[in-house]
Amino acid sequence: MSLFVWIAAGILLLSALVMALAARRATPARLWRGGLLAALVALGLGFAAVPRGGEAQWQLAQESGAGLVWRLNAQTWPLAVTVLGLVVVALMLNVAYHQAVSKDRREVVWGWVLMLLAGAWAVPAVLAASPATFGAMWFVGDIAVLLADLGRLSRGQHRSAVVWAAFARSVTWLMAGGVAVTLAAHPDAVMVLWLAILEVRLLAMATQPTFILPADVYWRVPWLMVGLLSTLAGALWAAVQPFAVPQWFVVTLGLLAAWGAWRWNAGRSLFHQGAGSAVTFGSLALIAVTQGQPGGVLAWGALAVFPVTGVVLVPRSRRVLWPFFGLWVAALTLWPFAPTALAAALWKPPLAPWMVLPWLALWGGVLALGRRGSTLPVGDTPVPREMQALCLAGVGLWTALFWGLRLWKPYQPVGTEGLWAWLPGGVAVLVGVVMMVASLRHVRRLGYAEAVLTKWGNRLAEGTFWLLYRLIGRTLRFFSLLLEGEGGVLWAFVLLVMLAVLLQR
């Protein structure tokens, strides 16, 4: 039954090809029904592939690092089910969005094809179990997004920006190949490099282009999230490897998580805010890797995908949807009853100064998600009941998948660990809610304060720049006068000797 996940990926790939070929003849309604049926069958096969005894492994070579290896076990199976469920939910919420049916037919069908392709690629991507496999899967996914962008964008500067972004991501493919070759010789140093590669991919997700077409958001969100899950699968593989991480690297991950929370709050659109959340919770998952916590990686990964995706894809704010939104936000508490309870193990004693950085990142995520959830868009035109029912069913399915993870053993905490299981997330949620309410009530005051801080910040940055410029200029003029004098040759000889001594050391 473990082969069912591969059959599910094949069904999604075949349905995407059929939809692309039949786009000119069949109506969009029939194409959508066929795509949704294929996605539902794939999700059912994903559930049927649950590993009951041990794990299933497929490999194309004997080497553990350089060979292509896939594994289906208790940790990777939830990731596969998540990507299959994401395709179903994205299709249901896309057709429920009343503005989507009035757009160009080609744009709508093209988005559905890319949603199905995202699921077909993500299944082997999250089951990967070696650096070479991860590099190969990243190569396929990044090339697919590159071709999709080049086919959609017409301006030269936009196409050039997309090519340069793909070139930056290609560095991670090459570095993954280097890790695969040198893993056995230098495990500790190579594993730190592997975590750096994963962080680079997270940062690449945060630098999404600002010229994305509105019609492309619905297929870009699934691709963004399956790319995040493929990166977290690499973190999950690293969490079970024995290696040591220097303390400065953990602090760097904490700083990047806090930076991601700031970018999340500063995002101009829902999609760009979701990209910022990938850096926030993805960096916290990498910190869990450094602490040897595979369950923490799974918990932070669930928190990175489910609440943010639900808020971004939900088409409108209706009262009937608010209970689901409350269930998404409740997982931010990290309390023992939530499917993200294992994430609280990040703050296990003994305490260290760097532990405040993940707390700040979590607080920033609560603030961003709460503020965005309180201002969900409301449509003006009436929506048919059938579309409302599809939207409600999609949101309900996504919430059920999220909280259903709590029933799976890898997501269940071993013990409550006393106060530490309730304190970190609870305090972060409390502070985040207080700040969210204050910001919603005093928008004008915060806007004025932000303008004042921006003005003084610009002045400070400008003054610092010109101060350094004058200092460097005076230093260069001093050396110029020194070397042009009567003892210029002697001073040049002294500086040359000093440089030679430093090079020998």
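1. Buried positions in helix 7 are Val190, Met191, Val192, Trp194, Leu195, Ile197, Leu198, Glu199, Arg201, Leu202, Met205 and Ala206. Buried means under 20% relative accessible area, with exposed over 50% and partly exposed in between (1.4 Å probe, protein chains only). Helices are DSSP runs of H or I, at least four residues, numbered from the N terminus.

2. This is a predicted model, in which local features need pLDDT of at least 70 and side-chain atom pairs count only at pLDDT 80 or more, while totals for chains, interfaces and linings use all residues. Residues are numbered from 1 along each chain as its sequence is written, and side-chain values use heavy atoms, leaving out hydrogens and water.

3. Helix 7 covers residues 187–206, 20 residues in total, and reaches 29 Å from first to last C-alpha, close to the 28 Å expected at 1.5 Å a residue (1.5 Å times one less than the number of residues). Val190 lies in this helix and has a relative accessible area of 6%.

4. Beyond four places in sequence, Leu362 touches Phe281, Trp300, Leu303, Leu332, Leu334, Trp347, Gly425 and Ala428 (contact: heavy atoms within 4.5 Å).

5. Mean pLDDT (the predictor's confidence in each residue, from 0 to 100) is 78 for the chain, and 74% of residues reach 70 or more. Residues 98–102 fall below 50.

Note on methods: Helices (H or I, at least four residues) and strands (E, at least two) are DSSP runs, numbered from the N terminus.
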